[in-house]
Amino acid sequence: AAALATMDVLEREPVHERLRLLGTRLRDGLVAAAARHGRRLVANGPGPVLFTWFLEDGEVRTFRDHLRADFATYGRFAELMLHEGVRVIPGGRWYLNAAHTDEHVDATLAAA
């Protein structure tokens, strides 16, 4: 019954497009928030699944690039986000789901 109800919603509502738009806004907003605070955040990912790294320069295309990230800064960022009421997954992974709203993204970006 739950699967059928989910399929019904997915057929009637543009859930995937809404998630893509929310994820893009979150990704771009996090990069901008970091820049406002003198930090460089690299963010990759399609829509509701994104990955973030604090890097001095370059992009992340390989695991070696990933290892250049400033994990201590990300850990401190995650700790401060938690103090603002936003739980961030360690390692820079972000996931949105159909329950997330524009208000959730706004609150997350305000916390960042």
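Helix α2 covers residues 15-36 in this predicted model.

**What α2 buries**

The buried residues of α2 are V15, L19, L22, G23, L26, R27, G29, L30, A33 and A34. An α-helix has 3.6 residues a turn, so residues three or four places apart point the same way. V15, L19, L22 and L26 are among the buried positions. R27 is on that list too. The buried residues of α2 pack against helices α1 (2-12), α4 and α5 (102-111). They also pack against strands β1, β2 and β3.

**α2 against α5**

How do α2 and α5 lie relative to each other? Their axes come within 10 Å and cross at roughly 10 degrees. Angles under 35 degrees count as roughly parallel, and α2 and α5 are therefore roughly parallel to each other. On the α2 side, the contact uses L22, R25, L26, G29 and L30. On the α5 side, D102, V105, D106, T108 and L109 take part. By class, this contact has 5 nonpolar, 2 polar and 3 charged residues. L22, L26, G29 and L30 of α2 are also buried.

**The sheet**

Three strands form an open sheet in the order β1-β2-β3, with antiparallel pairing. The edge strands are β1 and β3 (93-95), each pairing on one side only. From one strand to the next, the twist averages 25 degrees. The two strand pairs compare as follows.

| Strand pair | Sense | Bridges | Example of bridge partners |
|---|---|---|---|
| β1 (41-44) and β2 (49-54) | antiparallel | 4 bridges | L41 and F54 |
| β2 and β3 | antiparallel | 3 bridges | V49 and Y95 |

β1 and β2 form a hairpin with 4 residues between the strands. Which residue in this hairpin takes a positive phi? G45 does, near 140 degrees. In a regular strand the side chains alternate between the two faces of the sheet.

**α4 across the strands**

Helix α4 (residues 71-83) lies across β2 and β3. Relative to β2, α4 runs at about 120 degrees. The buried residues of α2 pack against α4 as well as against β2 and β3.

Methods. Residues numbered from 1 in each chain as written. Predicted model: local features only at pLDDT ≥ 70, side-chain atom pairs only at ≥ 80, totals over all residues. Heavy atoms only, no water. Pairing = 2+ DSSP bridges. Helix = DSSP H or I, 4+ residues; strand = E, 2+ residues; numbered from the N terminus. Axes fitted to C-alpha atoms, helices over the stretch in contact; angles between N-to-C directions. Contact = heavy atoms within 4.5 Å. Expected span 1.5 Å × (residues − 1). Buried < 20%, exposed > 50% of the residue type's maximum accessible area, 1.4 Å probe, protein only. Parallel < 35°, antiparallel > 145°, perpendicular 65-115°, else oblique. Nonpolar A, V, L, I, M, F, W, Y, C, P; charged D, E, K, R; others polar.
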